[in-house]
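Have the structure open as you read, and take it one topic at a time.

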Amino acid sequence: MKKNVFLILITIACLPATVLGHDPGFSSIILTVGPQQVDASISLDHSDIEGLIANKTDEAVVEISNETFKDLRPEIEAIALEALLLRPGQGEPIQPELVEVKLNADDKVELQLRYPVPSGQTSLSVHSQFLASLPFGHRQLMQVQQEKGEVLIKRILSARDEPLEISIPVKSR
């Protein structure tokens with residue numbers, strides 16, 4: 001009997017942490033790159049946004065629902081503004097000219113941002129800034145595609161990853 005209990009305890013102790021722990025989270029960003037703009041579509045679980053709002057506002061508990069979404073919109077928009085860092089080389093960060101947020105039917109919070117591309121720019125550095133503020137182990141799918149849908153980059157990111165360099169297509173005449 002003692003041998004069986006010992007074997008069970010050893011087996012449990014040897015299980016990978018991912019089996020015993022909970023999912024740290026997964027979000028996605030799709031960047032659609034054109035010669036004049038970069039459109040970002042970011043999808044996060046509502047619990048991730050709740051945690052980000054709680055951290056910024058020092059609220060103990062924040063709950064996003066259809067009823068509370070309207071009241072929390074300013075905080076969500078502020079998070080959206082800080083979600084990505086786009087910059088030409090070592091230049092000044094580019095600020096989004098459009099920010100939209102919505103709660104979809106799957107309890108995902110959707111952030112839509114549009115960044116203007118500075119004239120003559122051929123590449124931009126892109127960094128997902130809020131990954132470091134999400135729970136340890138959170139992963140993010142970053143997909144960069146052209147306006148016609150051709151995928152240029154598809155990568156799983158963590159908080160430790162360096163910014164991505166993306167090419168800006170030449171404006172066709």
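Six strands make an open sheet with mixed pairing, in the order β4-β5-β2-β1-β7-β8. Strands β4 and β8 sit at its edges, each pairing on one side only. On average, neighbouring strands of this sheet are turned by 10° against each other, direction ignored.

Before going on, some ground rules: this is a predicted model, where local features need pLDDT of at least 70 and side-chain atom pairs count only at pLDDT 80 or more, while totals for chains, interfaces and linings use all residues. Residues are numbered from 1 along each chain as its sequence is written, and side-chain values use heavy atoms, with hydrogens and water left out.

**The chain as a whole**

- The chain holds four helices and nine strands; helices (H or I, at least four residues) and strands (E, at least two) are DSSP runs, numbered from the N terminus.
- Reading from the N terminus, the elements go α-α-β-β-α-α-β-β-β-β-β-β-β.
- Of the 173 residues in the chain, 34% are buried (buried is under 20% relative accessible area, exposed over 50%, partly exposed in between, with a 1.4 Å probe and protein chains only).
- Take the contacts in the chain with a separation of 6 or more: 63% of them involve residues 24 or more positions apart (a contact means heavy atoms within 4.5 Å).

- The chain's mean pLDDT is 82, and 84% of its residues reach 70 or more (pLDDT is the predictor's confidence in each residue, from 0 to 100).
- Confidence in the chain is lowest in helix α2 (residues 17-20), with a mean of 40, and highest in strand β5 (residues 108-116), at 95.
- Residues 14-22 have pLDDT below 50, and beyond near neighbours in sequence this stretch has two contacts in the model.
- Where pLDDT is low, the predicted coordinates should not be read in detail.

- Strands β1 (residues 26-33) and β2 (residues 37-45) run antiparallel and are joined by six bridges; two strands count as paired if DSSP finds at least two bridges between them.
- β1 and β2 form a hairpin with three residues between them, and V33 stands opposite V38 in β2.
- β2 also pairs with β5, in the antiparallel sense, over nine bridges.
- Along that pairing, I42 stands opposite L111 in β5, and V38 has Y115 in β5 as its bridge partner.
- Strand β4 (residues 98-103) runs antiparallel to β5, with six bridges joining the two; here V101 has L111 as its bridge partner.
- Four residues lie between the strands in the hairpin of β4 and β5, where D107 takes a positive phi near 60°.

**The three-stranded sheet**

- A further open sheet has three strands in the order β3-β6-β9, with antiparallel pairing.
- β3 (84-87) and β9 (164-167) stand at the edges with a single partner strand each, so one side of each has no neighbour in the sheet.
- From one strand to the next, the twist averages 25°.
- Four bridges pair strand β6 (residues 123-128) with β9 in the antiparallel sense, and S123 stands opposite S167 in β9.
- Helix α4 packs on this sheet, touching β3 and β6, and its direction makes about 40° with that of β3.

**Helices α3 and α4**

- α3 lies across β1, β2 and β5, running at about 95° to β2.
- Helix α3 (residues 46-57) and helix α4 (residues 69-83) pack at an angle of about 95°, with their axes 10 Å apart (axes are lines fitted to C-alpha atoms, for helices over the stretch in contact, and angles run from 0 to 180 degrees between N-to-C directions).
- That makes α3 roughly perpendicular to α4 (angles of 65 to 115 degrees count as roughly perpendicular, under 35 as roughly parallel, over 145 as roughly antiparallel and the rest as oblique).
- Where they meet, α3 brings I49, L52, I53, K56 and T57, and α4 brings E75, I76, I79 and E82.
- The residues of this contact divide into five nonpolar, one polar and three charged (Ala, Val, Leu, Ile, Met, Phe, Trp, Tyr, Cys and Pro count as nonpolar, Asp, Glu, Lys and Arg as charged, and the others, Gly among them, as polar).

**A loop residue to look up**

- K148 is in the loop between β7 (139-146) and β8 (151-157), and at 83% relative accessibility K148 counts as exposed.
- K148 and V33 are 115 residues apart along the chain, and their C-alpha atoms are separated by 9.4 Å.
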